[in-house]
Amino acid sequence: MQTKHSAVGRDADFIDAAEKVTGRARYLDDLSFPGMLHGKILRSPYPHARIKGIDISRAASLAGVKAVITSADCPGIRFGLDNPDVYMLAVDKVRYAGDEVAAVAAVSEEAAEEALSLIDVEYEPLPAVYHPAEAMVPGAPLVHEDKPGNIAKIYEIVRGNVDEDFASCDCVFEEEFGTSLVQPCYLEPFGVIADWEPNGRLTIWTGIQSAFHARAEIAKALGIDPSSVTVKVPYIGGGFGGKIWIRNFHPIAAVLARKTGRPVKIVLSREEEFIASRARVAAGIKLKLGMMRDGTMVCKEAEIIADNGAYSWAAPKILLNMSMRTDCLYRFRSSRTVSRLVYTNHVPTSGFRGYGNAQMHFALESMVDICARKMGLDPVEVRLKNAVRSGDTTLHGWKLRSCGLSECIDKAAAAIKEGRLPGEEAGGRIRRGVGVACMTHVSGNRGGDNFDGSSAMVRFQEDGRLLVYSGESDMGQGARTVFAQIAAEALGIPLSDVIVMPVDTDVSPFGYGSYSSRVTTVGGKAVLLAARQVRDQLLKLAGKLMNESPDRLEIRDGVIFDRLDPGRRMTVAEACRAGIRTRQAAELTAYVTYDPPTEGTDSDYYGDYSSAYNYGAHGVEVEVDTETGQVRVLRVAAAHDVGFAINPKGVRGQISGGVAQGTGWALCENLVLKEGVLQNPSLSSYILMTIKDMPSIKPIIVETDDPVGPYGAKGVGEPTLIPVPPAIANAIEDAVGVRLRDLPFTPEKIFRAVNPQLKEAGK
Amino acid sequence: MNVQAYLTPRTAEEALEQLGRYGGEARLIAGGTDLMIWLKRKKYTPRVLIDITGIDQFRRLEFTGESLVIGAALTHAEVALDGGIRSLVPVLAEACASVGSPQIRNIATVVGNVVSAQPAADAAVALVALGAGTEILSRDGRRTLPVEELYAGVGRSIIDSTREIVSRIVVKAPGPGSGSAFMRIAPRQALALPVINVAVVISTAGGLITGARIAIGPVADRPFRPEGAEKFLAGVPVGDPGAFAEAAGMAGRESSPRDSLLRGSADYRRHLVKVLVRRALEEAAGRVDACKEGMPQ
């Protein structure tokens with residue numbers, strides 16, 4: 001591969017790395033405009049309460065305060081995705097501790113903060129529901145009066161004849177698993193600047209993963225046309241799925257800006273990021289697996305009850321992924337999943353790296369080990385025996401045009417066995433073990449018959465440098481670099497001659513955004529096709545200038561030359577200078593809209609809906625201190641089928657990040673709620689791992705040359721997190737013989753599991 | 001925050017004069033890693049901050065014949081990295097190295113760790129085990145008090161930083177035949193408050209323990225000393241694992257950790273006290289010979 005390509009398939013430093021590490025890159029909070037005001041939001045301290053009255057008079061008369069708004073100042077529109085269930089400021093009642101009640105715009109953050117303390121809200125606390133099971137009980141308090149039983153969404157998805165298949169199995173196993181509430185904890189707090197232009201249009205600056213969705217959702221919340229809204233995306237300091245969708249503060253800033261006639265900036269505090277951001281959907285999962293004695297997995301049944309929190313956002317879609325995707329990991333004959341998403345008075349949930357798929361992987365990939373062990377089989381062998389393969393059509397209709405699952409399992413399992421530390425130390429007090437788990441995910445997601453593509457514009461400037469425009473955001477994952485590599489490769493120009501423009505919905509071609517691990521695969525393909533069109537234009541122009549047939553010309557390192565007579569040459573820069581803004585009137589611009597050749601899904605969610613399907617496997621070695629329950633993850637061997645690594649360095653970065661986030665989820669991250677109120681809303685009490693907690697990581701890149709993606713590439717962003725928690729659970733069982741079924745695996749839980757005889761440990 | 005002046009005295013006398021001049025409206029600042037947060041939360045609302053880190057005599061780390069003297073401006077990093085402290089009182093070096101992160105250790109002072117009066121402040125827990133004393137300056141003169149006696153409750157010191165200055169900490173040199181160790185369990189390897197921390201200092205003679213001091217956090221409103229366990233250890237052979245386990249069990253029973261949603265159940269944390277006290281005793285006993293040389297001159 002190295003010899004075939006000049007720009008792709010090679011380690012590239014991110015093209016914006018120097019800007020970022022020197023502090024020159026401008027993030028939202030670095031932006032300021034003349035007359036700009038600072039907005040702050042008053043949030044409910046109660047998980048469920050009626051608002052009996054709000055008195056803003058003291059706040060409004062504070063010096064420096066320019067506007068104080070409540071729901072009375074906002075359009076009475078409920079917005080959201082599948083379940084439009086939220087007002088930008090609470091109407092009549094609040095539904096979680098953190099719910100938006102009022103907002104202030106003032107000349108300084110301090111004045112805005114002080115004004116919040118002067119808003120008098122009279123609450124009448126209401127009975128609340130904190131657990132989905134309680135919330136479904138008839139007569140339970142309703143979070144939304146129009147959602148009977150607190151049900152936000154129900155799916156029942158059946159493939160094949162699962163009852164018949166279970167009856168024919170040698171062994172049937174049943175287990176229950178639970179996942180926890182965690183936050184993406186991106187480095188840059190989310191925020192917005194809103195400004196109404198003199199022509200009546202609204203400009204929004206926000207570091208969002210999906211600018212075009214944001215444009216539509218902000219317009220919906222304000223009751224205006226999407227084409228009246230511009231969304232401009234500065235640098236994004238991480239998103240991990242938490243910045244795909246807008247939050248209430250986006251339209252709130254717009255209302256404050258309209259009321260004051262000035263730009264308004266709102267940036268969340270870290271505390272707000274914890275209490276009022278969108279957490280990962282936590283789920284209780286009952287799983288039933290039917291197997292034959294030889295290890296063949298036959299059928300799977302799942303019952304999911306998931307905590308939606310107070311508002312829905314993307315949670316229904318997340319539940320759908322949770323309900324289905326793992327069925328496409330193995331060659332199941334049948335499956336049935338019944339899943340319920342239930343409103344509670346908890347923080348709302350939404351997208352977070354893995355988008356529901358990670359939760360069910362924890363359950364299934366733990367289950368595979370449990371069942372294999374019970375049957376006396378090697379869990380790795382069981383996985384290999386059942387793994388889906390290239391050419392398969394899975395239970396839900398995915399057509400696997402490329403699939404490196406078996407290779408990933410083989411390589412991860414082999415790598416983690418190499419160089420192991422002793423299984424025991426300190427007289428058995430320290431025990432070590434290894435575990436493997438695998439994963440599948442998507443590279444795009446059509447969802448019904450929707451567009452699932454991307455578009456790109458590629459344009460030469462007169463000096464031969466190239467501008468690339470895409471509607472897909474770079475949240476730090478390296479999309480700009482991948483786009484630049486693809487354009488440089490397709491055009492035969494140096495990477496340094498490619499400039500990837502920021503996303504601006506008035507200028508950038510349409511793109512859905514950075515989610516579903518789709519940007520390289522779908523966005524990159526659009527860039528590739530556009531670059532190829534411009535290449536044709538450039539060769540046509542050069543042919544004219546060189547008096548040569550364009551099909552004899554090639555481009556390499558920024559030089560156009562005659563393949564049969566390489567001495568005849570001109571640089572790309574010379575061609576551009578001669579062609580652009582001259583009587584040649586060369587266009588040297590292409591705008592391509594690309595939609596991948598997939599079918600989408602029918603009304604029963606069946607169908608081939610992603611451009612490509614990603615597979616991977618992790619091997620993990622852990623060390624458990626049986627006396628304290630502390631676990632250290634020592635090593636991770638992470639094998640991922642990425643189709644083709646356009647930027648191997650970027651892939652390795654994704655693997656490190658996914659392992660860090662996945663290990664944190666497994667061992668220490670956890671939103672601890674007490675009667676709906678978050679107990680650890682800070683980075684000192686919500687335990688993210690630091691570099692000192694990181695295992696050593698061996699990244700293994702598996703390439704399967706996908707027939708659809710650009711140069712054979714598939715996504716890798718979300719997949720790197722997905723297998724981590726079950727692989728750790730499997731390794732812990734290997735080390736100490738206990739099975740942990742509920743995330744996170746805190747030292748106390750492990751201690752109690754390892755020492756069940758010590759009922760009262762301290763006595 | 002309503003701070004209107006930031007003063008940088010060059011001598012202790014000047015600092016005391018400035019405190020007096022602002023009559024309770026000025027507050028001392030050293031590293032500021034706790035104070036800045038408290039100012040933002042309006043726990044304190046001083047008009048004036050007096051930065052004592054530029055006072056030369058507070059920058060001194062001295063080994064006198066029988067004592068180690070730590071000036072008020074010395075940081076955790078300076079103490080943790082000092083060769084003399086590492087060999088003579090490893091318990092203090094280890095405790096200081098456990099605090100926060102490199103950035104915090106480079107600026108937060110050891111005296112600040114004591115005056116902030118948190119029951120599990122790592123350096124303070126080690127100093128209580130060492131039986132360290134403090135020198136306190138005020139306009140009324142100079143007095144000395146053990147670190148242990150500066151506590152008035154969780155996060156409350158008897159030291160009034162609008163009126164007086166803890167100018168230094170004095171640690172009496174552990175004699176030949178002594179050993180010490182510090183251990184903690186925390187939810188991550190850096191930047192984390194301990195679930196339990198333990199400091200142990202033992203003196204020995206002729207293969208027997210002659211005295212033991214143990215400090216544990218956070219199991220009370222201040223670093224806690226399990227006196228029963230300490231007494232039990234006197235006269236016990238240095239290498240007796242059964243006796244160490246017995247003492248650790250006593251320390252666990254004497255401690256009163258609380259149930260905590262974030263730190264774990266009281267029961268589990270009491271178990272951790274036992275584990276850490278035993279391990280720290282074993283570690284300290286193993287170091288007895290290494291500390292034979294005594295004070296560096």
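This is a predicted model: local features need pLDDT of at least 70, side-chain atom pairs count only at pLDDT 80 or more; totals for chains, interfaces and linings use all residues.
Helices (H or I, at least four residues) and strands (E, at least two) are DSSP runs, numbered from the N terminus.

Residues are numbered from 1 along each chain as its sequence is written, chains are lettered from A and ligands numbered from 1 in the order in which they are written, and side-chain values use heavy atoms, with hydrogens and water left out.

To return to chain B, β2(B) pairs in the parallel sense with strand β3 (residues 48-51) over four bridges, two strands being paired if DSSP finds at least two bridges between them. B:Ile29 has B:Asp51 as its bridge partner in β3(B). Together with helix α2 (residues 35-40) of chain B, these two strands make a right-handed β-α-β unit; right-handed here means that, with the strands pointing away from the viewer, the path from the first strand over the helix to the second runs clockwise.

Turning to chain A, we find 18 helices and 31 strands. Its radius of gyration, taken over C-alpha atoms, is 27 Å, close to the 27 Å that the globule rule (2.2 Å times the number of residues to the power 0.38) gives for 763 residues, so chain A is as compact as a globular protein of that length. Of those 763 residues, 64% are buried.

One sheet in chain A is open and has seven strands, in the order β3-β5-β1-β12-β9-β10-β11, with mixed pairing. At the edges stand β3 (65-69) and β11 (229-232) of chain A, each with a single partner strand, so one side of each has no neighbour in the sheet. From one strand to the next the twist averages 20°, with axes fitted as lines to C-alpha atoms, for helices over the stretch in contact, and angles running from 0 to 180 degrees between N-to-C directions. Helix α6 (residues 211-222) of chain A packs on this sheet, touching β9 (191-196), β10 and β11, and its direction makes about 140° with that of β11(A); contact means heavy atoms within 4.5 Å.

Elsewhere in chain A, strand β16 (residues 334-343) is mostly covered, with nine of its 10 residues buried. β16(A) pairs with β7 (residues 151-159) of chain A in the antiparallel sense over eight bridges, and with β15(A) in the parallel sense over 10 bridges. A:Leu341 in β16(A) is the bridge partner of A:Lys153 and also stands opposite A:Ala306.

Finally, why is helix α11 (residues 379-386) of chain A described as largely enclosed by the rest of the structure? Six of its eight residues are buried, so the rest of the structure largely encloses the helix. Among the elements covering those buried residues are β15 (297-309), α12 (405-417) and α17 (724-736) of chain A.

Technical notes:
Buried means under 20% relative accessible area, exposed over 50%, partly exposed in between (1.4 Å probe, protein chains only).
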